[in-house]
Amino acid sequence: MRSMIYVAASAAMILTGCSSNLLPGGVEGRGIVLLDGVPLEGATVIFSPTGEGRSANGMTNELGEFSLGTIEPADGILPGDYQVAIIKSMVDPNKVIVDPLAVQEKTGQFPPSPPNIHIVPRKFANPERSGLAATISNEGSHDLKFEIATK
């Protein structure tokens, strides 16, 4: 009997905790991103509605997992159809200017920003051209999976 009460209380806490952070009308949207079959950490996942609606986004963790948020991180997404973009890039460490103020003093101009290296191919950065799409049901979606390749 004691274990049943514990299970019921735990389930209530989980359900309450999950639903209390969602935006009005929102549902959970969670998934995973794999790049060349490996979980992709540190990527931004953007859901852009195909019709009316609001965009949502999330950031992948070390397991490639993300949770979508519309107004705040992980506060959910509105049900509907979405085009998806996935972005991850970093500044090229070989082209970083160590002392940009010295360059400005010498040339009179602030140096340009160093170029980015796109970890995820650029075509995935545009939701209209990525070819990635998802439908979020009224019950939410917990098993979204995007497998993308560098080639």
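Visitor: Leaving aside neighbours within four places in sequence, which residues is Phe47 in contact with?
Guide: Phe47 is in contact with Ser55, Ala56, Phe66, Leu68, Ile77, Tyr82, Gln83, Val84, Ala134, Ile136, Leu144 and Phe146. Contact means heavy atoms within 4.5 Å.

Visitor: Where do the numbers come from?
Guide: This is a predicted model, where local features need pLDDT of at least 70, side-chain atom pairs count only at pLDDT 80 or more, and totals for chains, interfaces and linings use all residues. Residues are numbered from 1 along each chain as its sequence is written, and side-chain values use heavy atoms, with hydrogens and water left out.

Visitor: Ala134 is on that list. Which strand holds Ala134?
Guide: Strand β9, residues 132–136. Strands (E, at least two residues) and helices (H or I, at least four) are DSSP runs, numbered from the N terminus.

Visitor: Is Ala134 buried or exposed?
Guide: Ala134 counts as buried because its relative accessibility is 9%. Buried means under 20% relative accessible area, exposed over 50%, partly exposed in between (1.4 Å probe, protein chains only).

Visitor: And the rest of β9, which side chains point where?
Guide: They alternate. Leu132, Ala134 and Ile136 point to one face and are buried.

Visitor: What does Ala134 touch, beyond four places in sequence?
Guide: Its contacts are Phe47, Gly80, Asp81, Tyr82, Val84, Leu144 and Phe146. The C-alpha atoms of Ala134 and Gln83 are separated by 6.5 Å, though the two residues are 51 apart along the chain.

Visitor: Switching to the sheet. What is the strand order?
Guide: The order is β4-β3-β6-β9, an open sheet of four strands with antiparallel pairing. Its edge strands, β4 (56–59) and β9, each pair on one side only. Two strands pair if DSSP finds at least two bridges between them.

Visitor: Now the core. Which residues have the most contacts inside the largest nonpolar one?
Guide: Phe47, Ile86 and Phe146, in a core of 22 residues. The elements giving two or more residues to this core are β1 (29–35), β3, β6 (80–87), β9 and β10 (141–148). A nonpolar core is a set of buried Ala, Val, Leu, Ile, Met, Phe, Trp, Tyr and Cys residues joined through side-chain atoms within 4.5 Å.

Visitor: How many helices and strands in the protein chain?
Guide: Two helices and 10 strands.
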